[in-house]
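Subject: Structure for your files

Hello,

Here is the structure I said I would pass on. My notes on it follow below.

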Amino acid sequence: MVPSFTIGILKETQSDPDARVAITPDDAQKLLSINKSLTILVQPSEVRCFSEEEYIDAGCIISDDLSDCDLLLGIKEVDKNTLIRGKKYMFFSHTAKKQVHNQALLQAVIDKNITLIDYEFLYGEKKRRIAAFGYFAGLAGAYNTIRAYGIKKELFDLLTLKQITNKVQMFKELKKVVGMHEKILITGSGRVASGVEEVLQVCQIFKVDSDGFFNKTFRDPVYFVADPTHYAKHKQGLPFTFKDYKKQPKEFKSNFLRFAEVADIFIAAHYWDSKAPRLFNTDDVRSDLFKIDIIGDITCDINGSVPTTIKDVPIEESYYDFNKSTLKEEKAFSGIDNITVMAVSKLPSVLAKEASVHFSNQLVNHILEYFWMGDYNKVLKKATIAKNGKIKRRYAHLRTFVQENLYK
């Protein structure tokens, strides 16, 4: 064990700062009581879902200056101008898929000799993610998609996400949902999808098998959960295996359009590898057979697997329309024939306290001790994108990306 260790909890620095935290006051107090050589500094923040007084009561120190910290913890991307040279950071960087909007951040990590550990790649047994907000993203994303349906069809009016403060309130609000009879497609089978399913079940929307989804008519709304075995197939007609799909995604093509012919609402809750095929192309939506007119893209990968996701929308706005003829963005709910898209990257921040408690618990119980007890399971090593300003071999595909001039 190291003789002393100092953690810094960063204030969020995005233009619309996130209210979530990596470590809650309760968990900070737990850490400090267990490890007497530990110090926790907290940067002041006006938007954080826990007050500075709560952190002070837990034994933390409020300080703008985190330059003496051994580890700096944030949630979303850190403003590149605030990065401290030579420090070790852990946050969701959204860089591993070569996200263009975060190229400058990764370049700054390299230039400032920073070690970057990304929460997204912290894996435990059976390659299950250890620290994630997926379930809460699923709850908020499904709620917001159902809300879009109510507005578009003029059937019910739910509170905005900004007005929702907790899960109990959210589920109470969903009791207003009436008049639905659509078929809803969900892609994904992890934490995100489980949150989506919970919301749909609260709305009395129940699950059916593939035969029912494709071939039967129901008086009530139903949903089907599709995984890659349903929406992808091998280019050579070989049997589908998850091992092959993960190892050689370029050998597969989309099998999604058959769902678009029967589904009215599509909620994207899947993980997507940029090497894997897109679910559909923008030209596909021009077909009269493309029935989907509401897409809730919880993945929010810009120009990713769901090509109608062309922007990340603030929570206050939540939606935009995608014109099926011009393939251009239009004002939300401006045309009945448009596809209404819900694409918000900060969905879990809606349930900031509940999401933070869950996330913090995972960090405290399963991750942080590796920093002072040794990374004996190589959990941190596998999630380290850059060490002392050098891209690690596991993320070698980013080495050329950080050198590219994308804005010529």
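Which helix gives the largest share of the negative patch? Helix 2, residues 52–57, supplies 3 residues of that patch. Please keep in mind throughout that this is a predicted model.

D57 counts as exposed because its relative accessibility is 64% and the cut-off for exposed is over 50%.

Overall fold

The chain contains 14 helices and 18 strands. Its C-alpha trace spans about 65 × 50 × 40 Å along the principal axes. The radius of gyration is 22 Å, which agrees with the value near 22 Å that a compact globule of 408 residues would have. Of the 408 residues in the chain, 55% are buried.

Salt bridges

There are 12 salt bridges in the structure. I looked at some of them, as follows.

E316 and K162 form one of them, with 3.5 Å between the closest N and O atoms. This pair links distant parts of the chain, the two residues being 154 residues apart. E316 is in the loop between strand 13 (294–297) and strand 14 (319–322), while K162 is in the loop between helix 4 (134–153) and helix 5 (167–173). With a relative accessibility of 51%, E316 counts as exposed, since the cut-off is over 50%.

E197 forms a salt bridge with K207, and here the closest N and O atoms are 3.6 Å apart. E197 belongs to helix 6 (residues 191–202) and K207 to strand 8 (residues 206–207), so the pair ties together parts that are 10 residues apart in sequence. E197 is buried, at a relative accessible area of 16%.

The side chains of K176 and E173 also meet in a salt bridge, at 2.6 Å from N to O. E173 has 8%, which is under the 20% cut-off, so E173 is buried.

Regards

Technical notes
Residues are numbered from 1 along each chain as its sequence is written. This is a predicted model: local features need pLDDT of at least 70, side-chain atom pairs count only at pLDDT 80 or more; totals for chains, interfaces and linings use all residues. Side-chain values use heavy atoms; hydrogens and water are left out. Helices (H or I, at least four residues) and strands (E, at least two) are DSSP runs, numbered from the N terminus. Buried means under 20% relative accessible area, exposed over 50%, partly exposed in between (1.4 Å probe, protein chains only). A salt bridge is a side-chain nitrogen of Lys or Arg within 4 Å of a carboxyl oxygen of Asp or Glu. The radius of gyration is taken over C-alpha atoms; the globule rule is 2.2 Å times the number of residues to the power 0.38.
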